[in-house]
Amino acid sequence: MIEQWTVIENTPGFMPDDDDPPIFDDYSDAVAYLNERCAEYVEDPDSNYTVNYGHASSGNYSAAMIYDLDKMHDLGRWIAVERIEE
């Protein structure tokens, strides 16, 4: 069985945004994609996002929370790597 990984993105308390999230054969590729998504938020010139790394997904894999510092009650964005269980 080949290990595969996916990156889930959502607002906490809501369903994932993508019905067909990206799939990776290598964990490091999934983490690189997670970091790219985080960078897209931070580099957005029209917003004031911050990334809080150091979180873990439900399977204890890499994850991050992103918050919009311009919003007082922002739920944030959750981006997490999960192992695909067959």
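Predicted model: local features only at pLDDT ≥ 70, side-chain atom pairs only at ≥ 80, totals over all residues.
1. Buried means under 20% relative accessible area, exposed means over 50%, and partly exposed lies in between (1.4 Å probe, protein chains only).

2. Numbering starts from 1 along each chain as its sequence is written, and side-chain values use heavy atoms, with hydrogens and water left out.

3. On one side, β4 pairs with β3 (residues 49–56). The two strands run antiparallel and are joined by 6 bridges. Pairing requires at least two DSSP bridges between two strands. Ala56 stands opposite Ser62 of β4. The β3–β4 hairpin has 5 residues between its strands, and Asn60 there takes a positive phi near 70°.

4. β4 also pairs with β5 (residues 77–83). This pairing is antiparallel too, over 4 bridges. Met65 has Trp78 of β5 as its bridge partner. For Ile66, the bridge partner in β5 is Arg77.

5. The whole sheet is open and holds 5 strands in the order β2-β1-β5-β4-β3, with antiparallel pairing. β2 (23–24) and β3 are the edge strands; each has a single partner, so one side of each has no neighbour in the sheet. As background, strands of a sheet pair through backbone hydrogen bonds, either parallel or antiparallel.

6. Helix α1 (residues 27–42) lies across β1 (5–10), β2, β3, β4 and β5, and runs at about 175° to β5. Angles run from 0 to 180 degrees between N-to-C directions; axes are lines fitted to C-alpha atoms, for helices over the stretch in contact. Contact means heavy atoms within 4.5 Å.

7. How many aromatic pairs does a search of the whole structure find? There are 5. In the pair of Trp5 and Tyr27, the ring centres are 4.9 Å apart and the planes stand at 65°, so this pair is edge-to-face. Rings of Phe, Tyr and Trp (its six-membered ring) pair if their centres lie within 6.5 Å; planes under 30 degrees apart count as stacked, over 60 as edge-to-face, and the rest as tilted. Trp5 belongs to strand β1 and Tyr27 to helix α1, so the pair ties together parts 22 residues apart in sequence. Trp5 is buried at 6% relative accessible area, whereas Tyr27 is partly exposed at 30%.

8. Tyr41 and Tyr49 also make an edge-to-face aromatic pair, 5.1 Å centre to centre with 80° between the planes. Tyr41 counts as buried, at 14% relative accessibility. Tyr49 is partly exposed, at 23%. Separately, Trp5, Tyr27 and Tyr61 form one aromatic cluster.

9. Thr11 deserves a look. It lies in the loop between β1 and β2 and is buried, with a relative accessible area of 19%. Leaving aside neighbours within four places in sequence, Thr11 is in contact with Leu75, Gly76 and Arg77. The side chains of Thr11 and Arg77 are joined by a polar contact of 2.6 Å. A polar contact is a pair of N or O atoms within 3.5 Å; within protein, one must be able to donate a hydrogen and the other to accept it, and residues adjacent in sequence count only if both atoms are side-chain atoms. Arg77 is also the bridge partner of Ile66. From Thr11 to Met65, the C-alpha to C-alpha distance is 9.4 Å, across 54 residues in sequence.
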